[in-house]
Amino acid sequence: MSTLPILSIIIFLPLAGVVLLSIINSDSKSGIRNLKQTALWVTCLNFIVSIVLLINFDQTDPNFQFTENYFWLNSGISYHLGVDGISILLVILTTFLMPFCILASFDSIKFSLKEYLISFLILETLMIGVFCSLDLILFYLFFEGGLIPMFLIIGIWGGERRVYSTFKFFLFTLAGSVFMLLAIIAIYIEVGTTDIVYLLQYDIDPSLQYIFWLAFFASFAVKIPMWPVHTWLPDAHVEAPTAGSVILAGVLLKMAGYGFIRFSLGLFPIASSYFAPFVFTLSIIAIIYASLIALVQKDMKKLIAYSSVAHMGFVTLGIFTFTLQGIEGAMIQMISHGIVSAALFLCVGVVYDRIHTREIERYGGLVNRMPLYAFVFMIFIMGSIGLPGTSGFVGEFLVLLAIFSVNTYFAVFATTGVVLAAAYSLWLYRKVIFGPLIKEDLLEILDLSYREIIILFPLAFITIFFGFYPQPLIDIIEPSAAHLISNIANDLSLIEPTNQIESIIQMESNY
Amino acid sequence: MSIFLPILPELSIFLSAIILLILGLFVNNIKLIINLAIASIFFAIFLVLLQPIQSAFNNSLVIDEFSKVVKILILTGSLASIIMYHSSRKDLNINLFEFPILILLATIGMMIMASANDLIAIFIGLELQSLTLYVLAALNRNHLASSEAGLKYFLLGALSSGLLLFGLSYIYGFTGNTNLNLISTVVTPGNIGLIIGIVFVCSGLAFKVSAVPFHMWTPDVYEGAPTPVTAFFALAPKVAAIALAVRFLIVGFSDIAFDWQQIIIFLSIASMVFASFAAIAQKNIKRLMAYSSIGHVGYALIGLACGTSQGVSSLIIYLTIYLIMNIGVFSFILSMKNKGEYYENISDLSGLYKTHPYYAAVITIFMFSLAGIPPLAGFFGKFYIFIAAIESNLVLLAVVGILASVIGAFYYLRIIKVIYFDENKNSFDGFKHRSLNFLTHPTAFLILIFCIYPLPLINISNYAASSFF
């Protein structure tokens with residue numbers, strides 16, 4: 001198993017699918033069916049391969065596994081792949097969500113299905129590449145490359161204001177990321193390599209760390225997104241087709257969270273600890289502000305989009321506590337949010353396909369016609385609130401625990417966010433599911449089809465399962481997270497004594 | 001005879017140009033002339049590859065690694081424009097056998113520019129190229145815009161040649177030499193007369209590469225000239241003029257690098273920023289490509305401003321990728337036609353992907369690559385330029401460049417938006433042309449797969465840069 005380049009296979013299998021799709025004739029009905037089947041089977045196959053990866057993954061080893069290293073650009077820039085406990089779960093999350101995205105698009109995409117599926121498979125390649133790269137340039141390549149298919153997905157198959165939204169999405173993210181590119185180049189010149197494994201051991205000059213940290217932060221803050229650069233997300237979510245929203249919420253936002261853990265913390269620990277209060281403040285503002293805005297939304301997708309901003313606030317809070325619980329909590333929160341918010345967008349897609357509106361006011365009393373739908377929707381709403389027994393709870397609880405140990409004030413504000421989350425989520429649920437069934441077009445609405453059941457019930461099961469038994473996730477994350485924490489602690493301890501000595505010298509000279 | 005050996009490629013092209021000129025008078029077969037011109041270019045490429053490193057005519061022409069690589073780029077550009085001319089001459093109504101011959105003559109001028117190591121040789125090469133370009137711009141005599149473009153280009157070009165010559169005479173006056181190697185031995189910092197000379201030469205060269213603020217002619221000439229000529233303007237002369245500037249400044253004046261660096265930095269920043277804003281409002285795709293080329297020259301000048309080995313090699317990488325992208329884009333523009341009518345407005349492309357999904361994908365690759373989005377080749381061009389800039393501590397230049405690339409991304413995205421997001425309007429029949437497809441598809445493929453195996457180009461560029469450092 002060790003000689004097989006399994007990560008390359010997972011990354012480039014969807015591209016092979018693209019080649020297959022592009023030679024299928026899409027003019028006839030059977031051709032369209034072939035397209036759908038091919039895309040579905042390629043993504044399923046990729047999921048199976050990634051499960052093989054997970055089975056062969058050594059949970060006790062905190063280092064990178066399944067590494068592949070080939071000479072690529074200059075000396076010091078190589079095609080270096082590998083996964084550890086932090087990235088493997090995000091790889092699995094990506095491959096897991098993809099078949100659902102393909103399934104969810106079967107009926108809702110009315111034209112150019114071939115190009116649509118090709119865009120999605122290219123996007124899958126790029127997303128997995130982001131999580132597997134162990135070279136900064138390679139990472140940047142995948143990270144930025146993802147903009148191209150997403151730009152087309154929102155722009156071609158999106159809603160009414162799709163052009164505005166997709167331009168906003170593209171230019172916001174690009175503007176954030178280019179500074180990261182300059183920082184990567186500066187690191188390359190400073191250190192002589194962009195190899196992440198080497199850089200994680202290397203202590204970058206503290207005075208440069210602050211600049212580099214800000215450059216990386218600009219990129220990830222836009223992508224995750226943090227207040228005040230979150231404004232592209234609600235627009236992009238609202239206009240994107242259902243599967244586009246699922247991938248956006250489920251995986252693309254996680255790329256930034258992953259970036260914070262791997263790069264901001266791993267490469268610039270001193271700057272990270274220096275800027276931690278700044279990040280906390282922005283996260284708290286994001287949690288409370290986004291939750292309050294979610295309370296007044298009229299559009300279901302916009303409400304869920306703002307809830308994403310709030311949930312990502314918990315992730316950044318957890319990451320910058322520098323504690324084991326914080327990072328584990330942030331990771332579990334990301335995975336849980338990846339599943340729950342993806343499922344919520346799929347739920348919106350279910351009723352949107354039937355009624356063609358996302359306005360909350362247009363719904364009501366769906367429980368009478370759609371009991372199954374009401375049931376799964378409830379589970380995901382509870383997961384979004386973070387009710388005990390759902391995966392959302394585990395993540396939020398760990399993050400709150402960590403932030404309490406660091407700073408009580410931030411913890412108090414963060415906890416308010418949980419209450420607000422309950423308020424807007426339950427309000428959405430009540431408006432859509434309960435109440436009298438009086439709207440005329442809702443009287444004939446049908447409950448979930450088999451295809452939708454196949455999509456939604458596994459996600460519901462996973463939400464509940466990890467709510468009760470998150471241990472498998474923690475087992476995978478813990479060694480790598482602990483390794484990271486100890487590295488950071490080492491770097492910080494190297495700095496702090498000298499600071500103390502300096503301050504002592506200063507005090508003495510004052511006397 | 002052996003003293004002519006170093007200029008064998010130029011001589012071969014010259015002889016074939018003369019023979020073709022005579023042949024054209026007697027044989028009424030343009031296709032034959034075009035084919036022979038293409039064959040002579042291939043032969044010249046072959047000769048350039050075989051040439052040893054040497055210098056000729058008392059070191060006034062040098063054949064080194066740099067000039068060989070640049071000559072191959074120039075010949076490739078000329079080759080592509082002849083093919084483009086062949087595919088469009090009937091529809092454009094310019095069925096003149098002089099076209100390939102003029103291209104060949106301009107190519108000789110540009111090859112001398114690439115090798116010129118002497119002020120006189122520099123001027124001869126530059127003028128030989130410029131004079132043929134003036135004629136080419138006005139080639140479509142019956143077309144008002146083309147004549148206007150030719151006249152405009154001629155007036156401004158003559159002015160810039162005057163500036164350049166004035167600067168050269170200053171440099172000769174203050175150093176007493178015309179050979180760049182000899183000049184470099186007597187250059188001392190603080191010589192104001194010399195700096196005035198360099199400023200004039202840089203202005204003249206900035207005009208030839210269309211760097212801001214000497215860019216005014218570019219949009220009009222690009223729009224007015226027949227498209228194959230526009231393509232030729234965007235391809236070979238840019239490469240040749242930048243190569244000339246590199247050799248002139250780095251060989252002759254590396255001791256006072258600080259003085260001329262400021263000029264280049266200003267030209268570079270002005271070009272990048274101006275082009276990215278000015279291109280946003282363009283409706284004509286040839287005008288848009290004019291602004292795009294101004295912006296790209298700005299990025300290429302970053303490599304020159306570094307004045308280091310890394311700078312020159314990143315410049316070569318950038319120019320090569322720029323050349324490949326522009327060959328593709330211009331042959332695509334030539335394919336935008338229906339029943340003999342050419343489309344030139346961006347809005348004419350609306351909804352292209354519904355009727356021609358494959359070609360829409362091809363132009364999308366080019367546009368994302370021009371915008372510098374990874375993993376396409378255009379990204380690597382910018383990447384190496386920025387490496388060189390940060391290595392030489394030109395961080396400000398890198399920051400401005402990268403911000404301009406974000407703004408620039410907008411106008412490239414606008415074309416993609418028109419192709420994919422707007423309703424279908426026109427029908428096209430120009431995509432069947434075999435010789436144009438021969439240019440578009442391989443270049444798109446190269447740009448797409450460049451990231452997999454970029455080493456050959458990096459090695460070539462390092463090889464080219466090794467001749468200076």
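Start by selecting A:Ala39, which touches A:Gly17, A:Leu21, A:Ile102, A:Leu117 and A:Leu121 once residues up to four places away in sequence are left out. Keep in mind throughout that the model is predicted.

A:Ala39 belongs to helix H2 of chain A, residues 29–56. Is A:Ala39 buried or exposed? It counts as buried, because 31 C-beta neighbours fall inside 10 Å and the cut-off for burial is 20 or more. A:Ala39 and A:Pro99 stand 60 residues apart in sequence, yet 8.2 Å apart in space, C-alpha to C-alpha.

**Zoom out to chain A**

Show the whole chain as a cartoon. Chain A has 20 helices and two strands. Its radius of gyration is 23 Å, close to the 24 Å from the globule rule for 511 residues, so chain A is as compact as a globular protein of that length. Along the principal axes, the C-alpha trace spans about 85 × 50 × 40 Å.

Colour by burial next. Of the 511 residues in chain A, 57% are buried.

**Select helix H5 of chain A**

Take residues 136–145. How many of the ten residues of H5(A) are buried? Ten of the ten are, so H5(A) is largely enclosed by the rest of the structure. Walk along the helix and you pass A:Leu136, A:Ile137, A:Leu138, A:Phe139, A:Tyr140, A:Leu141, A:Phe142, A:Phe143, A:Glu144 and A:Gly145, each buried. A:Glu144 is one of these buried residues, and Glu counts as charged.

What do the buried residues of H5(A) pack against? Bring up these elements of chain A around H5(A):

- strand S2 (78–83)
- helix H4 (113–132)
- helix H6 (147–157)
- helix H7 (162–191)
- helix H8 (196–201)
- helix H11 (242–267)

**Move to the H13–H14 pair of chain A**

Select residues 300–319 for H13(A) and 324–355 for H14(A). Their axes come within 8 Å and cross at roughly 170°. Angles over 145 degrees count as roughly antiparallel, and H13(A) and H14(A) are therefore roughly antiparallel to each other.

**Two partly exposed stops**

Go to A:Leu372, in helix H16 of chain A, residues 371–385. A:Leu372 is partly exposed, with 13 other C-beta atoms within 10 Å. Beyond residues up to four places away in sequence, A:Leu372 touches A:Asp447 and A:Leu448. Draw a C-alpha distance to A:Phe457, 85 residues apart from A:Leu372 along the chain: the separation is 9.8 Å.

Then pick A:Phe434, in the loop between helix H18 (408–433) and helix H19 (450–468) of chain A. A:Phe434 is also partly exposed. Its count is 14 other C-beta atoms within 10 Å. Which residues is A:Phe434 in contact with, leaving aside neighbours within four places in sequence? They are A:Gly365 and A:Val367. The C-alpha atoms of A:Phe434 and A:Val367 are separated by 6.2 Å, at 67 residues apart along the chain.

**Cross to chain B**

Show both chains and the contact between them. It takes 26 residues from chain A and 23 residues from chain B. On the chain B side, the elements giving two or more residues are helix H15 (357–371), helix H16 (377–391) and helix H17 (395–421). H17(B) supplies the largest share, eleven residues. Colour this side by class: 20 nonpolar, one polar and two charged.

Finish inside chain B. Select helix H9 (217–224) and helix H12 (285–306). They pack at an angle of about 140°, with axes 8 Å apart. H9(B) and H12(B) are therefore oblique to each other, and the crossing is right-handed. In H9(B), B:Thr218, B:Pro219, B:Tyr222 and B:Glu223 meet B:Lys286, B:Arg287, B:Met289, B:Ala290, B:Tyr291 and B:Ile294 in H12(B). This contact has six nonpolar, one polar and three charged residues.

Technical notes. Residues numbered from 1 in each chain as written. Chains lettered and ligands numbered in written order. Predicted model: local features only at pLDDT ≥ 70, side-chain atom pairs only at ≥ 80, totals over all residues. Contact = placed C-beta atoms within 7 Å. Helix = DSSP H or I, 4+ residues; strand = E, 2+ residues; numbered from the N terminus. Axes fitted to C-alpha atoms, helices over the stretch in contact; angles between N-to-C directions. Parallel < 35°, antiparallel > 145°, perpendicular 65-115°, else oblique. Buried ≥ 20, exposed ≤ 12 C-beta atoms within 10 Å, placed from the backbone. Rg over C-alpha atoms; globule rule 2.2 N^0.38 Å. Left-handed = near helix turned anticlockwise from the far one by under 90°.
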